[in-house]
Amino acid sequence: MLVRSLTSLTLALFALGSSAPSAQAQTEVAAPLVRSGKFTQLHYDGADAALADSAIAVVDQVWPLVAAAFGVPDAKPAKPLQIYLYREIAGYEAAEAQLTGGSLKRNLAMAHHASRSAHVALQPPCTDAALQAIGLPAQTLLLLAWETTHVARFELCANFENHPAWLVDGLASNVAQRVTCKTWGIEPAQAPFWAAHARDARALALEGKLPSIADLLGDKLDALDWHVRYGLREQWFGFLWSGSRQTKLAQSLAFARQIGGGPGYAEQLLKHATQAFESRSGEFTKHLTKLQPQWDEVFRSLAPRGKDWVQIAFPTSNAIAWNLAPVAGSKLSAKGKLHILPGGRGQLNFLFGRTDAGFYSIAFVADYGFTVLAYDSQADSWTRVHDAAAPNLKLDTPTPFEVVANGDDLRVRLAEQSWDVKLPRKLASPVTWGLGAQAGPEGSATGSAGVWLELVVGK
């Protein structure tokens, strides 16, 4: 079975081009920008008005969805929900330390009970030049919607501290999913972040390891990894929030909002929800097995933008996403344009031919060229297959590219130049493929970032 996490892949896939640009100096912190919407007020401590505008447009969509879910669609918050977006991670950490004393420092996103406010660090970290090209990163967008959902729930429900995890996580993830997929104009299965959650939940159903509805409603999921718990709760809530099941969910959420909190709350809600949903077990299992997630995002972050794909690595880990629709036969063609943006090592990676034995990576480095690499999963090692200088591959300049592989023959084209390469082993059928962005050099504030423009992959 293919492993999901590859150690050397995380840290060394494959750092090339020592002359590639490292993280650019960030601009000085400007006075916070404040944007007011119909239901929310956003505070952004950066200087980019366009980012603040796009952030308020996202968070202001949340309240109507949450209010409608709880059966009070005409409700309005007593005052605008307070949402804080931080240009730098340090800004989030300072606010978090003041509010929770460091307990949520690693999360880079939180909703604070006492102050009824949401706080999100812009992530993955990006240079100003990259942000100007791509706008608000998808990871930031979905976390803004997610945490704003929590704050809306605080406002609507006096008993919010007693809510079970299936409600807390399920509602937040599904509202964030609806907002982001509407923004991107795609279905959840097509978006790598949401596809990962669907894949995790589907695997439980296919392997016969799905917890009982009673355990799901009673928050007895400690045997599952944390990311699997999130995925399962997201799928469960989304299952209930669709089709004929919506009426029962609305009744349960109204009940959850109206009954008093305290020691007996969890038992009351569990009894009500169990009576409403326990008979849906078989239906839910069937629903999960029919899911068709299109991506396996091993490390974030890849997100759609129309026909393009924006990919940003965190400073210390490579962004890696494998497409789950392999190309039939032992041939592969991929073409489009590479737009490598300032930040990190300025490196995007095209991945292909993954089997239990390993896979290939073509590391494209701006102002350097490319290297074809072979990864051996048994030895956990990399071999350089081919190096090439490519003067046409410029930083922050879209460059046409094409990759054609057939058996053990590989052709790489950048603009008007092309190179023929012999692979050490033939491609297996069907041919898997994926996209990657390289982590930054040691001490860098950003990872690599770029856009796979007009990407088409097929035979």
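Buried here means under 20% relative accessible area with a 1.4 Å probe, protein chains only. The model is predicted, with local features requiring pLDDT of at least 70 and side-chain atom pairs pLDDT 80 or more, while totals for chains, interfaces and linings use all residues. Residues are numbered from 1 along each chain as its sequence is written, and side-chain values use heavy atoms, without hydrogens and water.

Gln 41 has Gln 82 of S3 as its bridge partner. Strand S5 (residues 117–121) also runs parallel to S3, joined by 5 bridges, and there Ser 117 stands opposite Gln 82.

Then select helix H2 (residues 49–59), where Leu 51, Ala 52, Ala 55, Ile 56, Val 58 and Val 59 are buried. These residues lie on the same side of H2, because they cover an arc of only 155° around the axis, taken from the directions from the helix axis to the C-beta atoms. At the start of H2, display Asp 48: one of its side-chain oxygens comes to within 2.9 Å of the backbone nitrogen of Ala 50.

Key. Buried < 20%, exposed > 50% of the residue type's maximum accessible area, 1.4 Å probe, protein only. Helix = DSSP H or I, 4+ residues; strand = E, 2+ residues; numbered from the N terminus. Polar contact = N/O pair within 3.5 Å; in protein donor to acceptor, adjacent residues only side chain to side chain. Pairing = 2+ DSSP bridges.
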